[in-house]
Amino acid sequence: MPELSGVLAALQIPPEYSRYESIIDSDVIERLRRWKQDVLRTLIELETRLQQMNLEHASLSLKEQGDIVSAASVFDGEGDWTASDSRKVACDIVHRFSEPPLSLVVQILQHNLKPIFQSNPHPSLSLETGRKLARPAGGPSASQDFYDTQTWKDYPGVSNTVLWCVRNLPTSAYEELWPFVIPPIMALLDDYEARYKLLGVNITSVMLERVPSSLLKRTGVDSLLMASLSRSLTQLQSPETPFLLPAAISTTLTLIQLTTVAGSENRFNQLCGLLGDGIIGSIWPYSSDRLEALLASVDALPQVFQSLGIGCARYLKVLITQLVHPLAPLKHEKTSVALQMSSLRALSAVIKACPERIPQWKGTIINGVARCWVGVIDSESTVDDDLNSGDGLKRELKNVSGQLAIVCPSVLQEEYPRFIAADAKIFKDLFGSTN
C-alpha cells in the first residue's frame with residue numbers, strides 16, 4: 001500500500017534523538033521539535049486508516065502488519081522523541097495487534113529487528129545459533145569494536161519493539177527463534193551507557209518470565225546474562241542508577257532461581273556472589289558520597305535476604321554495620337529519611353532471615369534504633385517540611401524493635417526496661433509497647 005508506506009516513513013525517528021541531550025545546534029533542535037509536533041498528526045492519520053480498513057474488512061499483509069507494529073511501538077514508551085499524546089495514540093495502535101499470531105512476531109524479529117542489530121554482533125554470542133562462544137570473536141579488541149560500531153543506536157526506540165516481541169513470544173517458540181531474540185537483548189544489556197543497560201535489564205526481566213531455563217543453560221546464555229547484570233551494578237553515577245540497581249538485582253535473583261536448584265550449592269554460591277561481590281563489594285565501597293546509589297541498593301536487600309536466608313549470616317558484620325550507620329551518622333556524614341527507612345526495612349528483613357545469629361548484634365541494633373528515635377523526637381519540636389516522614393520513621397523503628405524482641409526475647413527483660421527507666425517519656429513508646 002503506497003499510501004501506508006508513506007505514513008510509516010514519516011514516523012521514522014530521526015537518529016539525532018539518540019544523542020538529543022548533547023545537541024547544541026539550534027537548527028537541529030528546531031527541526032526535531034517540528035518533527036515531534038508532526039508525529040501526533042501522523043499517528044492519528046495511521047490510526048484513522050486502520051479504523052477505515054477495519055470497517056471495510058480490508059486485510060493487511062504480514063509485512064504491513066509488522067511494519068505498523070514496528071513503527072508505532074517505538075512511541076509506546078519513554079523517550080525524547082515522544083509526548084504523552086503521541087504515546088497514547090501509539091499505544092492504541094499497538095493494542096490492535098494484541099495477542100498476535102506467532103507469524104507476526106517472527107516477521108518483526110526477522111525482518112524489522114535483525115537488520116538493525118546484525119551489523120553489530122555481540123563478541124561472545126553466535127548470531128547463527130544464539131549460543132555463547134567459547135572465546136570472544138574478533139580477539140582482544142572485540143569488545144572495543146562492539147562499542148565503536150553501534151549502528152542500532154540510529155534507531156531510537158527500537159528497544160520498545162524488542163520488548164513487544166518478548167512480551168508476545170510464547171514459551172514454545174523460544175527454542176526456534178533464539179538466534180533472533182537474544183542478540184538485541186545482549187546488545188542493550190552490554191552497552192556502556194546506563195540508559196541502554198536499564199532497557200536491556202527490563203527486557204531481560206520480561207523474557208525470564210517465560211523462557212525455558214534449559215535453553216538458557218544449554219546455550220550458555222545464563223552465564224552471559226549473569227555477567228552483564230553484574231556489570232550493571234557498577235553504574236553508580238548515572239541518572240538511571242536509582243532504577244538500574246534494583247532492577248538488575250531483582251532480575252539477577254530471578255535468573256538464579258530459574259537456572260539453579262533450590263537448596264543447591266550452586267544457588268547458594270550465586271546468591272552469595274550477588275550479595276557479597278555485587279552489592280557489598282561493587283556498590284557500597286564507592287557510594288559513601290552517592291546516596292542515591294546506596295539507597296537503591298539498600299532498597300533491594302530484603303528480597304536478597306529472603307532468597308539467601310541463613311546464608312546472610314556470613315555477611316552479618318558488614319550488613320549490620322552498614323544498615324545501622326545511617327540511623328545516627330556522624331555530623332560530617334550525610335543521610336536521609338528515605339535511607340533511614342530503607343535501612344530499617346532491611347534490618348527487619350535480615351533479622352527474619354537469620355534469627356539464630358542476631359542476639360550477638362542486639363546491642364548494635366538497639367543503639368542505632370534508640371539514637372534514631374531520639375533524633376525523630378527532637379525533630380518533631382522543629383518545623384519539618386515533611387510531616388509524615390517522622391511517623392513513617394517511628395513505625396519502622398518500632399517494627400525493628402519488635403522483630404528483635406521476637407528473635408531475642410531477653411531484650412524485653414534487660415535492654416528495653418533500662419531505656420524506659422532512664423527516660424520513660426522518650427522511650428516508652430518505642431520499647432514499652434513491644435510484647
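Good morning. By salt bridge I mean a side-chain nitrogen of Lys or Arg within 4 Å of a carboxyl oxygen of Asp or Glu. Arg 231 belongs to helix α11 (residues 221-232) and Asp 190 to the loop between α8 and α9, so this pair ties together parts that are 41 residues apart in sequence. Asp 190 is buried, with a relative accessible area of 7%, whereas Arg 231, at 40%, counts as partly exposed. Here buried means under 20% relative accessible area, exposed means over 50%, and partly exposed lies in between, with a 1.4 Å probe and protein chains only.

Some conventions are needed before I continue. The model is predicted, local features need pLDDT of at least 70, side-chain atom pairs count only at pLDDT 80 or more, and totals for chains, interfaces and linings use all residues. Residues are numbered from 1 along each chain as its sequence is written, and side-chain values use heavy atoms, with hydrogens and water left out.

Now the overall picture. The secondary structure comes to 21 helices and zero strands; helices (H or I, at least four residues) and strands (E, at least two) are DSSP runs, numbered from the N terminus. The C-alpha trace spans about 85 × 50 × 45 Å along its principal axes. The protein has 435 residues, of which 49% count as buried. A contact, in what follows, means heavy atoms within 4.5 Å. Among contacts between residues at least 6 apart in sequence, 73% join residues at least 24 apart.

Let me return to the salt bridges. How many does a search of the whole structure find? The number is 18. Side chains of opposite charge can pair when their charged atoms come close. A second example is Lys 153 with Glu 193, whose closest N and O atoms are 2.7 Å apart. Lys 153 lies in the loop between α6 (142-148) and α7 (158-167), and Glu 193 in the loop between α8 (174-189) and α9 (194-207), so the pair ties together parts that are 40 residues apart in sequence. Both Lys 153 and Glu 193 are buried. These two residues also belong to a network of salt bridges that links Glu 21, Lys 153, Asp 191, Glu 193 and Arg 195.

Arg 34 forms a salt bridge with Glu 30, with the closest N and O atoms 3.5 Å apart. Both residues are in helix α2 (residues 26-55), four residues apart, about one turn of the helix. Arg 34 is partly exposed at 41% relative accessible area, and Glu 30 is partly exposed at 28%.

Helix α2 leads us to packing. Its partner here is helix α4 (residues 84-95): the two pack at an angle of about 20°, with their axes 9 Å apart. Axes are lines fitted to C-alpha atoms, for helices over the stretch in contact, and angles run from 0 to 180 degrees between N-to-C directions. Helices α2 and α4 are therefore roughly parallel to each other; the classes are roughly parallel under 35 degrees, roughly antiparallel over 145, roughly perpendicular from 65 to 115, and oblique for the rest. On the α2 side the contact includes Val 39, Leu 43 and Leu 50, and on the α4 side it includes Val 89 and Ile 93. By class, this contact has nine nonpolar, one polar and three charged residues. Ala, Val, Leu, Ile, Met, Phe, Trp, Tyr, Cys and Pro count as nonpolar, Asp, Glu, Lys and Arg as charged, and the others, Gly among them, as polar.

The second pair is helix α5 (residues 102-117) and α8, whose axes come within 10 Å and cross at roughly 50°. These two helices are therefore oblique to each other. Among the residues that meet are Leu 109 and Phe 117 of α5 and Phe 180 and Pro 184 of α8. The contact of α5 with α8 divides into nine nonpolar, one polar and one charged.

I close with two single residues. Ser 232 lies in helix α11 and is buried, at 0% relative accessibility. Not counting residues up to four places away in sequence, Ser 232 touches Lys 197, Val 201, Leu 244, Leu 245 and Ala 248. Glu 99, in the loop between α4 and α5, is exposed at 76% relative accessibility. Phi of Glu 99 is near 50°, a positive value in a residue other than glycine. Most residues other than glycine have a negative phi. Thank you.
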